[in-house]
Amino acid sequence: HYNALIEFFAKENLHQEAADLYRQMLTKGTTPNTWTFAIIIKYLAQAGKLDAAFMILSILTKLGIRPNAYTYAVLMRGCAEYGDMGKLKGLARDLSQ
């Protein structure tokens with residue numbers, strides 16, 4: 001249920017509420033999954049907060065969670081939309097390896 005609520009808050013531009021719920025999730029011992037991170041990355045990328053989105057991607061991989069194709073797609077879309085071709089090329093390289 002955390003993922004659905006986080007996505008709802010993010011979709012409604014209630015980013016602080018989404019972040020608070022994420023922290024609550026961690027505090028209660030619930031482990032985020034690929035979808036949790038994909039939701040967060042999607043809304044950060046859509047808001048043009050690419051550095052934050054890539055920071056979340058880094059956390060995801062450090063936790064040993066493999067990003068899914070959807071996660072890469074929303075990051076690539078954000079990079080293209082905001083003109084960050086360097087990060088877009090980096091993602092393309094990551095996917096080809």
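Which residues does Leu57 touch, not counting residues up to four places away in sequence? They are Ile41, Pro67, Thr71, Leu75 and Leu91.

## Confidence in the model

The structure is a predicted model. Mean pLDDT for the protein is 91. Residues reaching 70 or more make up 100% of the protein.

Helix H1, residues 2–11, has the highest mean pLDDT, at 94. Helix H6, residues 85–96, has the lowest, at 89.

## The nonpolar core

In soluble globular proteins, nonpolar side chains tend to be buried together. Here the largest nonpolar core holds 27 residues. Five of them touch the most other members: Ile6, Ile41, Leu57, Leu75 and Leu91. Leu57 also has direct contacts with Ile41, Leu75 and Leu91.

The largest share comes from H3, with seven residues.

## Helix H3 against helix H5

Two packed helices are described by the angle between their axes and the distance between the axes. H3 spans residues 34–46, and H5 spans residues 69–81. Their axes come within 9 Å. They cross at roughly 10°. Angles under 35 degrees count as roughly parallel, so H3 is roughly parallel to H5.

Which residues of H3 and H5 meet? H3 brings Trp35, Ala38, Ile41, Lys42 and Ala45. H5 brings Tyr70, Thr71, Val74, Leu75 and Gly78. By class, this contact has seven nonpolar, two polar and one charged residues. Ile41 and Leu75, both in this contact, are also touched by Leu57.

## Thr36, a buried residue

Thr36 also lies in H3. Is Thr36 buried or exposed? Its relative accessible area is 1%. Buried means under 20%, so Thr36 counts as buried.

Leaving aside neighbours within four places in sequence, Thr36 is in contact with Asn3, Ile6, Tyr22 and Met25. Of these, Ile6 is one of the core residues that touch the most other members.

## Met85, a partly exposed residue

Met85 has its place in helix H6. Its relative accessibility is 38%.

What does Met85 touch, not counting residues up to four places away in sequence? Its partners are Cys79 and Ala80.

Key: Residues numbered from 1 in each chain as written. Predicted model: local features only at pLDDT ≥ 70, side-chain atom pairs only at ≥ 80, totals over all residues. Heavy atoms only, no water. Axes fitted to C-alpha atoms, helices over the stretch in contact; angles between N-to-C directions. Helix = DSSP H or I, 4+ residues; strand = E, 2+ residues; numbered from the N terminus. Parallel < 35°, antiparallel > 145°, perpendicular 65-115°, else oblique. Contact = heavy atoms within 4.5 Å. Nonpolar A, V, L, I, M, F, W, Y, C, P; charged D, E, K, R; others polar. Buried < 20%, exposed > 50% of the residue type's maximum accessible area, 1.4 Å probe, protein only. pLDDT = per-residue confidence, 0-100. Core = buried A, V, L, I, M, F, W, Y, C linked by side-chain atoms within 4.5 Å.
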